[in-house]
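Thanks for coming. I will go over one protein today, starting with the whole chain and ending on a single residue.

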Amino acid sequence: MAKRLPLIILLWLGTDLYFYQAVQTLVNSGALLWSYWLIDLLLMSGIVAVIFARRGSRSQQTLITWLMGLMLLAFVPRLFSLPVLLVEDITRLFRGFPPRALWVSELTLATAAVLLLIVLFGITRGRHFYRVRRETIYFPDLPEAFDGFTITQITDVHSGSFTNAGGVQKGLDLVNAQHSDVILFTGDLVNNQASEMARWIPAFAALKAPMGKFSVLGNHDYGDYIHWETPEAKRTNLARLKQVHAEIGFRLLLDEAITLQKDGQAITLLGVENWGKGGFHQYGDLKKATAGVPDDAFKILMSHDPSHWEGVTLEHHQHIHLTLSGHTHGMQFGIELFGLKWSPIKYVYKQWLGLYQDNGRFLYVNRGFGFLGLKGRIGMWPEVAVITLKRKS
């Protein structure tokens with residue numbers, strides 16, 4: 001984050017200076033104008049405090065949570081209301097730059113106020129505003145017995161961020177209400193420590209699927225982002241987390257494959273440990289997971305990080321029909337309206353949301369069930385994905 005600080009400050013100040021023109025047009029009080037910049041000063045001080053706080057400490061996590069919420073409340077309404085000012089400035093170019101029209105500044109502030117309410121909803125209610133997303137995918141070589149087979153996928157629970165038991169239960173009830181054949185969980189059960197799941201074990205154990213529940217690990221599950229007193233403490237934490245998967249009824253797949261049987265036919269379910277790009281650990285071993293799996297088997301892969309799909313899966317010698325991932329959260333912030341999908345995370349991950357296809361190999365990237373850092377979701381609502389497999393005649 002320290003390396004990005006100059007860019008963050010530049011973008012922040014540039015947006016604020018432009019938006020300030022609308023405020024200055026309507027406000028005459030010097031005290032109010034000074035308070036506008038005081039807010040920025042306090043938020044910038046918070047950024048510096050996060051950088052110098054102990055990495056992975058509770059104080060740093062608390063600072064990040066509050067800072068992200070406050071920054072979005074201050075920054076997003078200003079940023080997305082600026083086009084109103086920009087349109088006026090384009091017309092002012094041809095009019096000799098007269099003073100700003102009062103009604104334009106009023107419209108700018110009104111737009112910012114509406115956006116402020118949207119952000120406020122995302123922070124206060126968005127974290128448990130679960131949505132069911134459905135996809136039907138067709139495969140010519142899907143075994144006939146699995147025509148219509150349903151998968152409910154959840155991912156990125158991040159139980160260490162949960163505080164509202166009723167809100168979490170709302171999402172879990174939605175999972176059970178899908179009555180899918182299997183439930184697949186694609187990593188990040190916790191933020192850092194296995195103990196974060198203690199309170200939630202009974203609720204997650206109540207998830208039901210007739211053909212089983214299966215899971216893999218995500219990058220946060222290994223405890224790589226906090227300080228451990230000893231290497232043994234870190235290993236003990238990971239061992240405990242693996243036990244938690246069993247206690248909530250999920251079969252944890254660690255670079256391995258299992259077979260799902262139905263009416264004398266079978267498909268193969270693969271699960272790899274986390275594999276990512278951009279500084280993330282590459283624990284996963286797809287070759288190990290597929291060892292002994294027939295080339296002509298129908299294969300579904302659980303892999304937490306979607307970068308694994310292009311980095312490894314597409315080049316794998318065996319055809320992996322469907323990969324299920326998470327990890328991106330849709331950045332917990334974005335726009336999904338009238339077919340438009342946008343989030344800043346798209347500039348980091350090529351495959352960041354929804355369904356992708358490459359030569360008959362599919363990838364689905366789930367928006368995530370929980371939240372991390374930002375204590376909420378804005379536009380990128382938490383997701384329960386239901387994927388139906390169909391045989392293409």
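How many helices and strands are there in the protein? The count is 9 helices and 14 strands. Please keep in mind that this is a predicted model.

Next, the overall form. The radius of gyration is 24 Å, close to the 21 Å that the globule rule gives for 393 residues, so the protein is as compact as a globular protein of that length. Its C-alpha trace spans about 80 × 55 × 40 Å along the principal axes.

Of the 393 residues, 52% count as buried. The protein exposes about 18500 Å², and 61% of that is supplied by carbon and sulfur atoms. As for contacts with a separation of 6 or more, 75% of them are between residues 24 or more positions apart.

Where is the place of D221? It is in a loop, the one that runs between strand 4, residues 213–215, and helix 7, residues 231–247.

What is in contact with D221, once its neighbours within four places in sequence are left aside? There are G187, D188, L189 and V190, then V216, and then N237, L238 and L241. For V190 there is a further detail: its backbone nitrogen lies 3.3 Å from a polar atom of the D221 side chain.

Last, the charge. D221 is buried, yet it has no salt bridge. Which side chain of opposite charge is nearest to D221? That is K242, and K242 is 11 Å away. A salt bridge would need the side-chain nitrogen within 4 Å of a carboxyl oxygen.

That is all I have.

Terms used:
Residues are numbered from 1 along each chain as its sequence is written. This is a predicted model: local features need pLDDT of at least 70, side-chain atom pairs count only at pLDDT 80 or more; totals for chains, interfaces and linings use all residues. Side-chain values use heavy atoms; hydrogens and water are left out. Helices (H or I, at least four residues) and strands (E, at least two) are DSSP runs, numbered from the N terminus. Buried means under 20% relative accessible area, exposed over 50%, partly exposed in between (1.4 Å probe, protein chains only). Lys and Arg count as positive and Asp and Glu as negative; His and the chain ends are not counted. A polar contact is a pair of N or O atoms within 3.5 Å; within protein, one must be able to donate a hydrogen and the other to accept it, and residues adjacent in sequence count only if both atoms are side-chain atoms. Contact means heavy atoms within 4.5 Å. The radius of gyration is taken over C-alpha atoms; the globule rule is 2.2 Å times the number of residues to the power 0.38. Accessible areas come from the Shrake-Rupley method with a 1.4 Å probe; for residues, only the protein chains shown count as cover.
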